[in-house]
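Dear colleague,

I am handing over the structure below, followed by notes on what was found in it. Please read the notes with the coordinates open.

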Amino acid sequence: MKKRITIKDIARELNVHHSTVSRALRNDPRVNEKTRDMVLAYSIEHEYQTNMNAVQLRGTSNNTIALIVPNINHSFFSDIVSQLTNIAYKKRYILSVFQSNEDCEQEVGIISTIIKHNYAGVIASISKNTTDSRHFKLLNTFGIPLVFFDRVCDDIATPKVLVNNYDITLEATEYLIGKGYKRIANLTGPTHINVFNDRHNGYQDAIAKHGIHYNKQLSLNEEFTVELGERCLRDLMKEKEKPDAIISSSILLTMGIAIQARALSLRIPEDLALIGFGNHISSVIMQPRLTSIYQSEAEIAGISFDLLDKMINKELSMNENCTKTVQAQIIYRESC
């Protein structure tokens, strides 16, 4: 059996004091970044595991779980918060909600807080600018179970709950092609995030499959807002080849597109067809009503919580690299 290394082992190998190692593993700001990174890299490489008996002596929050979301203003994530709050209450857990504001540095600070308070587990969806998963790997180091949903870190072996973003975007694109639209634009997020990369690939494969020459994809790094949707449509309509249909990754973007379409006297769907992710109430208030891609927040939340609960109760390994996929569906309405 492999001998478990201790904080003192790490300190001896790196020629630093054991208290420095302990602080680095807690992301204590008193440790400089170079030393912290060195300690974290060594601890991950040598599979350091916290002595949980010592952790228990510090105090624990064994019935408190953390939920990390990128942006509560996004209807998808606010619905996830609502669903998980209700589930946690019924299961006698306390849910603490953290918002990263699409900021990796803020996400790192949140993880540090979770570790310091020894939460029972974490359910998380990563920020748009998260490209390094080291802070999430620290949770395993301290024996805190983690379940990813929607946006995930692919290089961490832990349960993940995804949506069939590739298949549903390919289906939406093919539906528009079948309706006679030939200049379909796709508005999505940065492709280093799995969700947006899958939507990117679904769109691209549908375009290639049907030999469509028009290929316009905007991978937006900015926060999805109504104003950004308006600006995107203005820019697209200034181009020589203008889109006759748009697939949008956010209801806020879609609303902005619809508002700007009216300002440009574009008729929906005659001049511009629309399909948007998110079956928000605004989808049926808009005129004409919006064809929407519906992702079941209730199902995503339920599966995520069940996986975490099993990990907390030792019914599922913390390193279980399982993936559950929720099937999205297109709700067809009058916008295309």
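**Pockets**

Nineteen is the count to start from: the largest pocket is lined by 19 residues, and those nearest its centre are Lys137, Asn140, Thr141, Ile156 and Asn319. Two elements each give two or more residues to this lining, α3 (33-45) and α7 (134-141). Of these, α7 gives the most, with five residues. The volume of the largest pocket is about 340 Å³. By residue class, its lining holds ten nonpolar, six polar and three charged residues. Please keep in mind throughout that this is a predicted model.

The second largest pocket holds about 290 Å³ of space. Its lining has 13 residues, and Arg36, Cys104, Val108, Arg134 and His135 are the ones that lie nearest the centre. Here the elements that give two or more residues are α3, α6 (104-116) and α7. The largest share, four residues, comes from α3. The lining of the second largest pocket divides into four nonpolar, three polar and six charged residues.

**Cavities**

How many cavities of 30 Å³ or more does the structure hold? There are three of them. The largest cavity has a volume of about 140 Å³. It is lined by 13 residues, with His74, Phe76, Asp150, Arg199 and Ser249 nearest its centre. The elements that give two or more residues to this lining are α5 (75-90) and α9 (194-209). From α9 comes the largest share, three residues. Six nonpolar, four polar and three charged residues make up the lining of the largest cavity.

The second largest cavity has about 80 Å³ of space. Its lining consists of Asn71, Asn73, His74, Phe77, Glu102, Lys128, Arg151, Glu223, Phe224 and Leu252. These divide into three nonpolar, three polar and four charged residues.

Two residues have a positive phi although neither is a glycine. Asparagine 101 has a phi of about 55°. Asparagine 101 is placed in the loop between β2 (94-99) and α6. Its relative accessibility is 42%, so asparagine 101 counts as partly exposed. For aspartate 150, phi is about 60°, and the residue sits in the loop between β4 (146-149) and β5 (160-163). Is aspartate 150 buried or exposed? Aspartate 150 counts as buried because its relative accessibility is 7%, under the 20% cut-off.

Which residues are joined by a cis peptide bond with omega of about 10°? They are isoleucine 268 and proline 269. Proline 269 belongs to the loop between α11 (251-263) and β9 (273-277). Another cis peptide bond runs from glutamine 287 to proline 288, and its omega is near -5°. Proline 288 is located in the loop between α12 and β10 (291-294).

**Surface and overall figures**

Ile281, Val284 and Ile285 make a nonpolar surface patch of about 270 Å². Isoleucine 285 is part of helix α12 (residues 282-285). With a relative accessibility of 57%, isoleucine 285 counts as exposed, because the cut-off for that class is over 50%.

The protein chain has 13 helices and twelve strands. Of its 336 residues, 53% count as buried. Along the principal axes, the C-alpha atoms fill a box of roughly 70 × 40 × 35 Å.

Regards

Technical notes: Residues are numbered from 1 along each chain as its sequence is written. This is a predicted model: local features need pLDDT of at least 70, side-chain atom pairs count only at pLDDT 80 or more; totals for chains, interfaces and linings use all residues. Side-chain values use heavy atoms; hydrogens and water are left out. Patches are made of residues with over 30% relative accessible area and no salt bridge: like charges are joined within 9 Å, nonpolar side chains (Val, Leu, Ile, Met, Phe, Trp, Tyr) within 5 Å. Accessible areas come from the Shrake-Rupley method with a 1.4 Å probe; for residues, only the protein chains shown count as cover. A salt bridge is a side-chain nitrogen of Lys or Arg within 4 Å of a carboxyl oxygen of Asp or Glu. Buried means under 20% relative accessible area, exposed over 50%, partly exposed in between (1.4 Å probe, protein chains only). On a 1 Å grid over the protein atoms alone, a cavity is a set of points where a 1.4 Å probe fits but cannot get out, and a pocket is an open set with protein on both sides within 12 Å along at least five of seven lines; lining residues have an atom within 4 Å of a point. Grid points are joined across faces, edges and corners, and a volume is the space filled by probe spheres set on the points. Ala, Val, Leu, Ile, Met, Phe, Trp, Tyr, Cys and Pro count as nonpolar, Asp, Glu, Lys and Arg as charged, and the others, Gly among them, as polar.
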